[in-house]
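I opened this notebook to keep track of what I looked up.

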Amino acid sequence: MLVLEDVHAHYGSAHVLHGISLQVNAGKIVCLLGRNGAGKSTTLKTIMGVVQPSAGKISFKGETISGLSPHVIATRGLAWVPEDRRVFASLSVEENIRVAGQAISGNSAARIAEALDFFPDLKARMDQRAGSLSGGQQQMLTIARALASKPDLILLDEPTEGLSPIMVSVIRDGIVKSRERGASILLVEQNFALATEVAEEFFVMSRGTIVYRGTRDELLSAPEVIKEHLGVGKAKSSAVDHHSKG
Ligand SMILES: Nc1ncnc2c1ncn2[C@@H]1O[C@H](COP(=O)(O)OP(=O)(O)OP(=O)(O)O)[C@@H](O)[C@H]1O
Ligand SMILES: [Mg+2]
């Protein structure tokens, strides 16, 4: 469904992606792992066209998308939830979702209801200003907003970073539920326990290249990969062993 072939990317003169090749097949949760600064977020930005690839090819559902603008790429069925978790603070929960749904495909109450279905906690807060939500609720909102466009593939950048254990499991349930409804997901996640719980296929990045590719079982039986490329501090031993910030 999504194919990257030898993709390079630069920030100015800094060469950050050095020939990334990866695939996400329909209906799968694929996880991109790697230490801080490895190039995970840049890979997602390059898929979305926010960073233009300097070489290589990206195709989605059989069509080339590299070179297109982010807006056009979004209309092709890709949604991106960036790591900065930005919501429209002065708008309500409902308005935040409505704005996103409209940008892609017209206003639809059913679509908003469906997106909220993933996060019941938000349903009760439809009229609340997004700026007054907790960090975890804002993260739910950014994911619900992405789901409102009914994407074929969602790019999720560290959705559980800094969240409390309860919020981590709410986000995990939302991820699993959206996959059950047919969405494919490319997940960037440093919570190793959560990643191996929800994803079935893994790519590990280091310094702008893919250094490992394997299934969940293969990765779990490759302790040297985990040790060398994922780091002790970041590869959490438990999905709920996370510091709380919201
Ligand atoms: N806007 C930018 N301008 C210049 N360099 C950047 C920019 N954004 C990221 N970089 C650099 O590109 C490299 C890859 O960064 P990227 O954000 O993709 O890493 P990451 O794997 O997502 O890391 P993290 O786990 O910290 O989110 C890093 O060396 C980073 O310093
Ligand atoms: Mg990042």
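**Entry 1: the ligand shell.** I began with residue classes: Ala, Val, Leu, Ile, Met, Phe, Trp, Tyr, Cys and Pro count as nonpolar, Asp, Glu, Lys and Arg as charged, and the others, Gly among them, as polar. By that scheme the shell around ligand 1 has four nonpolar, six polar and two charged residues. I noted how the model is handled: it is predicted, local features need pLDDT of at least 70, side-chain atom pairs count only at pLDDT 80 or more, and totals for chains, interfaces and linings use all residues. Residues are numbered from 1 along each chain as its sequence is written, and chains are lettered from A and ligands numbered from 1 in the order in which they are written.

I then looked up the members of the shell; a residue is near a molecule or strand if its C-beta atom, placed from the backbone, lies within 6 Å of it. Around ligand 1 I found Tyr11, Ala14, Val16, Gly34, Asn36, Gly37, Ala38, Gly39, Lys40, Ser41, Thr42 and Glu83. Which element gives the most to this shell? Helix H1 does, with three residues. Strand S2 (14-24) and H1 (40-48) each supply at least two.

**Entry 2: the whole protein.** I counted 10 helices and 10 strands. These are DSSP runs numbered from the N terminus, helices being H or I with at least four residues and strands E with at least two. The C-alpha atoms fill a box of roughly 45 × 40 × 35 Å along the principal axes.

Entry 3: Two strands pair if DSSP finds at least two bridges between them. One open sheet has the order S2-S1-S4-S5, with antiparallel pairing. S2 and S5 stand at its edges with a single partner strand each, so one side of each has no neighbour in the sheet. H1 packs on this sheet, touching S1, S2 and S4, and its direction makes about 75 degrees with that of S2. Touching means contact, with C-beta atoms, placed from the backbone, within 7 Å. For the angle, axes are lines fitted to C-alpha atoms, for helices over the stretch in contact, and angles run from 0 to 180 degrees between N-to-C directions.

I checked the pairs next. S1 (residues 2-11) and S4 (residues 55-60) run antiparallel and are joined by five bridges, and valine 3 has serine 59 as its bridge partner in S4. S4 and S5 (residues 63-64) are also antiparallel, with two bridges. Phenylalanine 60 stands opposite glutamate 63 in S5. In the hairpin of S4 and S5, with two residues between the strands, lysine 61 takes a positive phi near 50 degrees.

**Entry 4: the six-stranded sheet.** The other open sheet I looked up has the order S6-S7-S8-S3-S9-S10, and its pairing is mixed. Its neighbouring strands are turned by 15 degrees against each other on average, direction ignored. S6 and S7 (residues 153-157) pair in the parallel sense over four bridges. Leucine 78 has leucine 153 as its bridge partner in S7.

**Entry 5: leucine 147.** This residue is in helix H6 (residues 135-147). Is leucine 147 buried or exposed? Leucine 147 counts as buried because it has 28 C-beta neighbours inside 10 Å. The cut-offs are 20 or more other C-beta atoms within 10 Å for buried, 12 or fewer for exposed, and partly exposed in between, with C-beta atoms placed from the backbone. Leucine 147 touches Ala115, Phe118 and Ser178, leaving aside residues up to four places away in sequence.

Definitions and conventions:
Two residues are in contact if their C-beta atoms, placed from the backbone, lie within 7 Å.
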